[in-house]
Amino acid sequence: MTGGRVSVRTVFGHWLLVGAAVCLVAASCSFSPAPKAYAASKAVREQGAVVFHEKGCEHCHGVDGVGTDKAPDLSGVGRRLHKPEIAKQIHDGGKQMPAFGDALTNDEVQQLVEYLAAKKKKVRKPAASVTASSKS
C-alpha cells in the first residue's frame, strides 16, 4: 500500500471476509419449510372429527367434546382460542393435557384444529336422567 492507494488484494480480501461472514450467518439460521396452508373446508373439519374419535380425544373430552370429569368441555373453544393456540395446546400440551405432537401427524393436528376452531357455540350437557329408584 503506497500513497493512500488500496491494493486489489486488500479489496478482494475484504469482500472474501464479508462473503464468508454472510455464509456463516445464513448457515446458522434454521430454514424450515413453510407450513401447509389449509382451507377451512367442511371436508377438513369432518376429517378432524374422525381424528378426534379415532385418536381417543373422546376418551377424555367426551363425545363431540362436551367434556368429562377428565378433561374440559371443548364446545365453544373456537370462540375462546385462535387456531395457533389450539394447535399449540394439542402439540405441546399443558394445563394438565399431555402433549400429542409426537403421536399425531401435522395433517392430523391441522384437521383437529379446523374441527375445534369451528366449535363456536357452547353446548349444554344433557341433564342427568331420572332413575326409577329416585322416583319413589
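Let me begin with burial: of the 136 residues in the chain, 24% are buried, where buried means under 20% relative accessible area with a 1.4 Å probe and protein chains only. This is a predicted model, in which local features need pLDDT of at least 70 and side-chain atom pairs count only at pLDDT 80 or more, while totals for chains, interfaces and linings use all residues. Residues are numbered from 1 along each chain as its sequence is written, and side-chain values use heavy atoms, with hydrogens and water left out.

The chain has seven helices and zero strands, helices being DSSP runs of H or I with at least four residues and strands runs of E with at least two, numbered from the N terminus.

The axes of α2, residues 42-54, and α6, residues 106-117, come within 7 Å and cross at roughly 105°, the axes being lines fitted to C-alpha atoms over the stretch in contact, with angles from 0 to 180 degrees between N-to-C directions. That makes α2 roughly perpendicular to α6, a label covering 65 to 115 degrees. Residues in contact, with heavy atoms within 4.5 Å, include V44, A49 and F52 of α2 and L112, Y115 and L116 of α6.

Which aromatic rings pair here? The whole structure holds one aromatic pair, counted when ring centres lie within 6.5 Å. The rings of F52 and Y115 have centres 5.5 Å apart and planes at 50°, so the pair is tilted, which is the class between stacked, under 30 degrees, and edge-to-face, over 60. Because F52 lies in helix α2 and Y115 in helix α6, the pair ties together parts 63 residues apart in sequence, and both residues are buried.

Notes: Buried means under 20% relative accessible area, exposed over 50%, partly exposed in between (1.4 Å probe, protein chains only). Angles under 35 degrees count as roughly parallel, over 145 as roughly antiparallel, 65 to 115 as roughly perpendicular and the rest as oblique. Rings of Phe, Tyr and Trp (its six-membered ring) pair if their centres lie within 6.5 Å; planes under 30 degrees apart count as stacked, over 60 as edge-to-face and the rest as tilted.
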